[in-house]
Amino acid sequence: MSCTGETPAVRAKPFVKEAIAVEGKYDRIRVCSAVDATVVETGGFRVFREPEKVALLRRLAEVRGLIVLTDSDAAGAQIRGRLRGMLPPQRLLFAYVPPIPGKERRKHAPSKEGLLGVEGMDDATVIDALRRAGAHLDDAPPCGADAGLQLTKTDLFLCGLSGAPDSAARRQALLGRLGLPRYLSAAALLTVVNATLTREEWERLLSAVHDVDGKKA
């Protein structure tokens, strides 16, 4: 049954409790087609030049747990190794796709090692990799109060966290209360709060930030 009590026309994707880190855009699309989860791109090795992204991954790891799912080639192994040294190890899981020779359809040539990446896997292989890593998979996402936040960019605008002259300052104050770098973008903030806060926690956080605004005024 769905959260609305109606029987879905097709079987729902498994829900993964942990957040998942993948290398790129097409890996994220592939994983999101197989499971219902918070999926963040590292941008390959670019993540190590972006403190904002590392801070986001750390926060997700601390609150939700983080599964690192990279390609089965040498580059994927290097990314896994470096993240292991930068993030809380007790909150990390590592998922591995099998080393299958081949080339993704969108590419003109195979990768350097001639292996399919995460984007080249089918749903069953992605799900099996996550399960083997120790992911918590459920048949459906939580319903009701347990479903967590589902804020959108419009919600951030309505809360005064984007699109207004003082939005950046208000966002920085909120990020400070979350223990995150104050330069995180609105998009990164959205990912964090949706993945790590309950509705009650979000409302308390907003109230605290607005109280500070009021005192300054």
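Residues 1-9 come out with pLDDT under 50 in this predicted model. The model gives that stretch seven contacts beyond four places in sequence. Where pLDDT is low, predicted coordinates should not be read in detail. For the protein as a whole, the mean pLDDT is 85. Of its residues, 88% reach 70 or more. Among the elements, strand E4 has the highest mean pLDDT, at 97. Helix H8, residues 199-216, has the lowest, at 75.

Now to the sheet. Four strands form an open sheet in the order E3-E2-E4-E5, and their pairing is parallel. Strand E3 (39-41) and strand E5 (92-96) are the edges, each pairing on one side only. From one strand to the next, the twist averages 25°. Take the E2-E3 pair in detail. Strand E2 covers residues 19-22 and runs parallel to E3, joined to it by three bridges. Alanine 21 has valine 40 of E3 as its bridge partner.

Helix H3, residues 74-86, lies across E4 (66-70) and E5. Its direction is at about 175° to E5. Helix H4, residues 123-133, packs on the sheet and touches E2, E4 and E5. The direction of H4 makes about 140° with that of E5.

H4 also packs with a helix. Two packed helices are described by the angle between their axes and the distance between the axes. For helix H1 (residues 25-34) and H4, the angle is about 85° and the axes are 9 Å apart. Angles from 65 to 115 degrees count as roughly perpendicular, so H1 is roughly perpendicular to H4. On the H1 side, the contact involves Arg30, Val31, Ser33 and Ala34. On the H4 side, Asp123, Val126 and Ile127 meet them. By class, this contact holds four nonpolar residues, one polar and two charged.

Begin with helix H2, residues 51-63. H2 and H7 pack at an angle of about 5°, with their axes 10 Å apart. The two helices are therefore roughly parallel to each other. H2 contributes Glu52, Leu56, Arg59, Leu60 and Val63 to the contact. H7 contributes Ala188, Thr191, Val192, Ala195 and Thr196. Six residues of the contact of H2 with H7 are nonpolar, two are polar and two are charged.

The other partner is helix H6, residues 167-178. H6 packs with H7 (residues 186-196) at an angle of about 40°, and their axes lie 12 Å apart. That angle makes H6 oblique to H7. The crossing is left-handed. Which residues make the contact of H6 with H7? From H6 come Arg171, Leu174, Leu175 and Leu178. From H7 come Ala186, Leu189, Val192 and Val193. Seven of these contact residues are nonpolar, none is polar and one is charged. Val192 of H7 is listed in the contact with H6, and Val192 is listed in the contact with H2 as well.

Methods: Residues are numbered from 1 along each chain as its sequence is written. This is a predicted model: local features need pLDDT of at least 70, side-chain atom pairs count only at pLDDT 80 or more; totals for chains, interfaces and linings use all residues. Side-chain values use heavy atoms; hydrogens and water are left out. Axes are lines fitted to C-alpha atoms, for helices over the stretch in contact, and angles run from 0 to 180 degrees between N-to-C directions. Angles under 35 degrees count as roughly parallel, over 145 as roughly antiparallel, 65 to 115 as roughly perpendicular and the rest as oblique. A crossing is left-handed if the near helix is turned anticlockwise from the far one by less than a right angle, and right-handed if clockwise. Contact means heavy atoms within 4.5 Å. Ala, Val, Leu, Ile, Met, Phe, Trp, Tyr, Cys and Pro count as nonpolar, Asp, Glu, Lys and Arg as charged, and the others, Gly among them, as polar. Two strands pair if DSSP finds at least two bridges between them. pLDDT is the predictor's confidence in each residue, from 0 to 100.
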